[in-house]
Amino acid sequence: MLPSTRYVGSKRRIVDWIWSQIKGLMFDTFLDAFGGTGVVGYCAKRYGKCVTYNDVLNFNYHVGLSLIENSSVRLTDEDVSFLLCKHGDIEYPTFIQDTFKGIYYADEENKWLDMVVTNIKMLNDKYKRALAFAALGQACLVKRPFNLFHRRNLYLRLNDVERSFHNNVTWNKPFEEHFRRFIGEYNSLVFSNRRYNDAYNLDVFDLDFVDADMVYLDPPYV
């Protein structure tokens, strides 16, 4: 099983083919320098390689940290309950509500996101934070038309029109339902390959300290 991905250009569907092209080569350490969705680095981890994952985007870094560097930590039911409740001793910002009103999500959804993001930051384990952010990212993508944030198109979800496709069912499911589902998925993907794997959030030109037998390069589209 591989992590869910909703990226244009994700290698999830062809990662087995990619691996078939390199598995005959002699290598033990593997650098995924533009890690993205993490599926290629995760595949290398499954095959027992010592993996270094990197991505300059913080969102992607959480995927690498939670599934490649992390070997044992999972979110518990207590953690999830904490994340999904508003706590009287925490001051909740309104950044998403104020900045993205009417652009990507409905007002109540923006309020929910501000709460959950704040609660995630309160978790005292970096791998738990990474798992929660990775799951939240997938929940955000699945509730977006075309899984993209390329333009203001909330109206596609909210317009009361007859639709010939079923995306509306997914869009209208509560954030909490999607979030719980992806937490379950990401928890199930955590494993140890008995190697020391790393995840970094660096510019690729700052990785000169990494010593790898195999370097996989899948740079962003321009």
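Which backbone oxygen lies 3.4 Å from a polar atom of the side chain of Asn119? The backbone oxygen of Phe82 does. A polar contact here is a pair of N or O atoms within 3.5 Å; within protein, one must be able to donate a hydrogen and the other to accept it, and residues adjacent in sequence count only if both atoms are side-chain atoms.

Before going on, the conventions. This is a predicted model, where local features need pLDDT of at least 70 and side-chain atom pairs count only at pLDDT 80 or more, while totals for chains, interfaces and linings use all residues. Residues are numbered from 1 along each chain as its sequence is written, and side-chain values use heavy atoms, with hydrogens and water left out.

Back to Asn119, which sits in helix α6; helices (H or I, at least four residues) and strands (E, at least two) are DSSP runs, numbered from the N terminus. Asn119 counts as buried because its relative accessibility is 0%, buried being under 20% relative accessible area with a 1.4 Å probe, protein chains only. Leaving aside neighbours within four places in sequence, Asn119 is in contact (heavy atoms within 4.5 Å) with residues including Phe82, Cys85, His87 and Tyr92. Other buried residues of α6 include Trp112, Leu113 and Val116.

Next, α7, residues 126-142. Of its 17 residues, 15 are buried. Asp125 caps the N-terminal end of α7, with a side-chain oxygen 2.8 Å from the backbone nitrogen of Tyr127.

Now the packing. A nonpolar core is a set of buried Ala, Val, Leu, Ile, Met, Phe, Trp, Tyr and Cys residues joined through side-chain atoms within 4.5 Å. The largest one has 35 residues, and Trp112, Leu113, Leu136 and Phe179 touch the most other members. The largest share, 9 residues, comes from α7. Phe179 is in contact with Trp112 and Val116, and with Leu136 and Ala139, among others.

Last, the sheet. It is open, with 4 strands in the order β3-β2-β1-β4 and parallel pairing; two strands pair if DSSP finds at least two bridges between them. β3 (198-200) and β4 (214-216) are at the edges with a single partner strand each, so one side of each has no neighbour in the sheet. Strands β1 (residues 29-32) and β2 (residues 50-54) run parallel and are joined by 4 bridges. Within that pair, Asp32 stands opposite Tyr53 in β2.

That is the tour; questions are welcome.

Terms used. Buried means under 20% relative accessible area, exposed over 50%, partly exposed in between (1.4 Å probe, protein chains only).
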